[in-house]
Amino acid sequence: MKRYKLLSMALAAVVALAGCRKLDVDVESRYTPGNFPTNSASYAAAIGSVYAQLANSKSGDATYFMNGTGFSYATDYWMLQELCTDEAIIPARDGNWDDGGKYRFLHLHTWTGNLPFVISSWQWGFGGINITNNAMNLAKGLPEGTSRNTAVAELKTMRSLFYFFMMDSYGNVPILDAYPVPSPPETKPRKEVFAFIENTLKAALPDLPAKVDGSTYGRATKWMAYALLEKMYLNAEYYTGTPRYTDAVAMADSILTNAPYTLDADYSSIFKPENGPQIKETIFAIPYDANLIPGCHFTRFGLHPFLKAKFDLPDGFGPSIALSTIADFYAFFNQPNDVRNNTWLAGKQTNKDGSPNIVRTSTKTLDASYAGPDQPIDWEVTITPEMKLKPGGEGKLDVGNDLLAQLKGVRSIKFYPDKNINTSTRFQNNDVPVFRLADVLMMKAEAILRGAVPTTVKGELQTADVLVNKIRSRAGTTPVAGITLDDLLVERAREFAWEGWRRNDLIRFGKFEGKWGFKAQDNDVFRRVFPIPEIELALNPKLLRNPGY
């Protein structure tokens, strides 16, 4: 099943359209309405460009495979969403990983419109919107009928997904519903963008496929549209000022009543390198392949070289040790027998056979502050949740780069280390879920806690407790009774850590301005949206700067 999916996506990468910088720049494509083949197989190849853009904006560029550069949902956009929260952090280590402050500014909430991740995510998202609009032009060249209607609906849904990411991240953004863009577009209010996405999805729903199998894995379906609408309605009070919690429950029930998804018994399998259409709770995922669909980099960024043998990683693979989480977030993983606790590495580390992981080093290599004579030492590899800055390291959030410092910060292995990782580019094979059944259940629970009425699905009255306990039961931990909104936010942290939703959650719960890690409490509510990139403002005078920036 995985190989079938990879071959399909590899074909998609071959025909990937180029991304754009200006919103009205032409999208380069070998396909035009004049030469586009009017059959379903050729159309499937052409729309692969949309999915290739979602995975990585340069996946069709030969230099990408050599240099490992490009904008990726699983790197650039992910870091924009996660490094500004308590869920993930990249501190400097003796100057390494400061990179002009681009990670530090996200953690401290001091970013500007020149932040590289702000720019690359905008270009990635609007590149995807333009590519989809161009593909929609081509789809209209298909013969009239069901195939054409389904193709247009699929593209409308994918454009809506890109638009959701842009609306959620940047707030007031232009609405582009045609390609080429007829004139420099102007900024539209977020409420208008919300309505555009909602109406587009509703119009697409009747023609979207309901089938759930390898042929629809990683593609837009009826269930993916319902999940996206549920996410929008859950956030509608923040986005538009009007609560839509009853609508969120209705979207959840459309899935829970009619779709074939079930919670996978093995939580870890959802994120392993072998994940794919056999995972029964994934509603929509972004497929990745270490060699053919680049962009997934979790092991490269977070794992220490001392742990390679434990996970059967090849000798030629060089991890970067940079990415971790903070102690306060890791403290949420405290429930008895909860399998989600096992997605983190902390404390004394063991080898694959369970024996202590001991390395031969020296006293000063281990601890740069050691004042005695340097001498050999056997050290048991230990990951410490706490992060203490080295003397003088406050300005750059520098924890140092001796062995003790390299292993500061809990490491995630949720997207499990891949023994078949590409040693040259350091990409791995793990697909990244965007929507899964667990989120449908948790969003419904939250909507009920916020005022929606519990509903009965397949003979079961689904209260917030019932819904959350489905998740906790799968995790192997104790049930809850009388769950509150604050409890539910913590439960979302446990279930969806590092899946790209933490910023969205913290904003909805009014906690994005809180204190964590090295970030102080602040009142900068304007940072709930990112700034329109300065380069885009310079290119298009019709774009309006977001308030506060």
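Predicted model: local features only at pLDDT ≥ 70, side-chain atom pairs only at ≥ 80, totals over all residues.
Side chains of opposite charge can pair when their charged atoms come close. In the model, the count of salt bridges comes to 35. One of them joins the side chains of Asp86 and Arg502, with an N to O distance of 2.9 Å. Asp86 is located in the loop between helix H4 (73-82) and helix H5 (102-108), whereas Arg502 belongs to helix H19 (residues 502-508); the pair therefore ties together parts that are 416 residues apart in sequence. Asp86 and Arg502 are both buried.

A salt bridge is also formed by the side chains of Arg492 and Asp439, again with 2.9 Å from N to O. Because Arg492 lies in helix H18 (residues 485-496) and Asp439 in helix H16 (residues 437-449), this pair ties together parts that are 53 residues apart in sequence. Arg492 has a relative accessible area of 1% and is therefore buried. Asp439 is likewise buried, at a relative accessible area of 2%.

Helix H18 also contributes Asp486, which forms a salt bridge with Lys511; the closest N and O atoms of this pair are 3.9 Å apart. Lys511 is found in the loop between H19 and helix H20 (534-539), and the two partners, 25 residues apart, link distant parts of the chain. Lys511 counts as partly exposed, with 35% relative accessibility, and Asp486 is partly exposed as well, with a relative accessible area of 48%.

How values were computed
Residues numbered from 1 in each chain as written. Heavy atoms only, no water. Salt bridge = Lys/Arg side-chain N within 4 Å of Asp/Glu carboxyl O. Helix = DSSP H or I, 4+ residues; strand = E, 2+ residues; numbered from the N terminus. Buried < 20%, exposed > 50% of the residue type's maximum accessible area, 1.4 Å probe, protein only.
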